[in-house]
Amino acid sequence: MLAVGLMSGTSLDGIDAALIETDGQALVRPIAFRSDAYDDATRALLAQAARIALGMERPGADATIRAAEAMLTHLHVAAVERLLAQAGVAAADIGVVGFHGQTIAHRPDRGWTWQIGDGAGMATALGIMVVDQFRIADVAAGGQGAPLIPVYHRALTERLPRPVAVLNLGGVGNVSWIGEGDAIVAFDTGPANALIDDWMAERTGARFDAGGAFAATGTVDRTVLARMLDNSWFDAPPPKSLDRADFGLEPVRGLAPADGAATLTAFTAESVARGLKLLPEPAKRLIVAGGGRHNATLMAMLSRACGVEAEPIEALGWDGDATEAQGFAYMAVRTLEGLPISFPGTTGVATPLAGGNIHRP
């Protein structure tokens, strides 16, 4: 089946759209990918929606959030149309669109998670079946609702010696460990790019630290780093997941801009290393996907901290920018087939669980 996957991550950088052919199991054939950046006004509206959502006891009505959802859906519909035009594929040939939406608050400790996006409206606009709300059933069943991408990581690494670990570095970091017999353990490791991006925006006006070049000019403050790592969350056993806002910049305030960037980059690397110690056994390879793999300073710190070379996912012949969007296309097909997308070892749900809401045009 031809499937489109859409991902707008917590970094608020834009929309990733991927077209793959898949059966939701072993077959995965990438066909096309594109990424469309958000403008400043869009990022500001989504960030405002997230601030409002994080202040709520549970999801509820809000005019700003409704406006953000309408805008987000419109932009995602346009992204699908551009992707299909780029690939030369008709909408009628697409079996399903996996629409993750935008996470504006993730609170499994309160029994809810909130991804905005109008899947029904998208299905009508595109004339294609849409699957959305991938996380809600898992959280309702007592799971963390994240990470979900490990089932796709398992498919991608099918031919690699086990165990293998796939680390996704978006706004938040998460690791998937795949062992013998397709056993999966996965969890969030801590902040990845989110704090670095926030620091760069606040102290330099840049949206991110391109290539890690700015952090490379700074010095890691080991005292501040130790204080940031002195958090019981890092030693808690999986399953566990984070909201982007669970960690902030307060510990590094007062540092010089470059030193703050270096310290936050080291914080990401060291939190991953702490996470890897919670795995059932050491991975033979550490494969890195997500935007963080472009940060050479972070990749070098990861290799040193983890004691294993951090390899970009391109080493497997895959596109690391497309991986998450491809994963939601893959999971959408699994939803149609009634196959599970979350597991006891990934989200803590009691039994393997299917998820997602299906909307027909």
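Mentor: Let us begin with one residue. Contact means heavy atoms within 4.5 Å. Leaving aside its neighbours within four places in sequence, Leu264 is in contact with Leu195, Ile196, Trp199, Met228, Leu249 and Val252. This is a predicted model, in which local features need pLDDT of at least 70, side-chain atom pairs count only at pLDDT 80 or more, and totals for chains, interfaces and linings use all residues. Residues are numbered from 1 along each chain as its sequence is written, and side-chain values use heavy atoms, with hydrogens and water left out.

Trainee: Which residues touch the most other members of the largest nonpolar core?

Mentor: A nonpolar core is a set of buried Ala, Val, Leu, Ile, Met, Phe, Trp, Tyr and Cys residues joined through side-chain atoms within 4.5 Å; buried means under 20% relative accessible area, exposed over 50%, partly exposed in between (1.4 Å probe, protein chains only). Here the largest core has 44 residues, and Leu167, Val252, Leu264, Phe267, Leu286 and Leu302 touch the most other members.

Trainee: Which helices and strands each supply at least two residues of this core?

Mentor: Helices (H or I, at least four residues) and strands (E, at least two) are DSSP runs, numbered from the N terminus. Strands S7 (164-169), S8 (172-178), S9 (184-191) and S10 (286-289) each do so, as do helices H6 (194-203), H8 (222-229), H9 (257-276) and H10 (296-306). H9 gives the most, with nine residues. Another core, of 38 residues, lies apart and includes Ala17, Ala68, Val89 and Val130.

Trainee: Is Thr346 buried or exposed?

Mentor: Thr346 is buried, with a relative accessible area of 2%.
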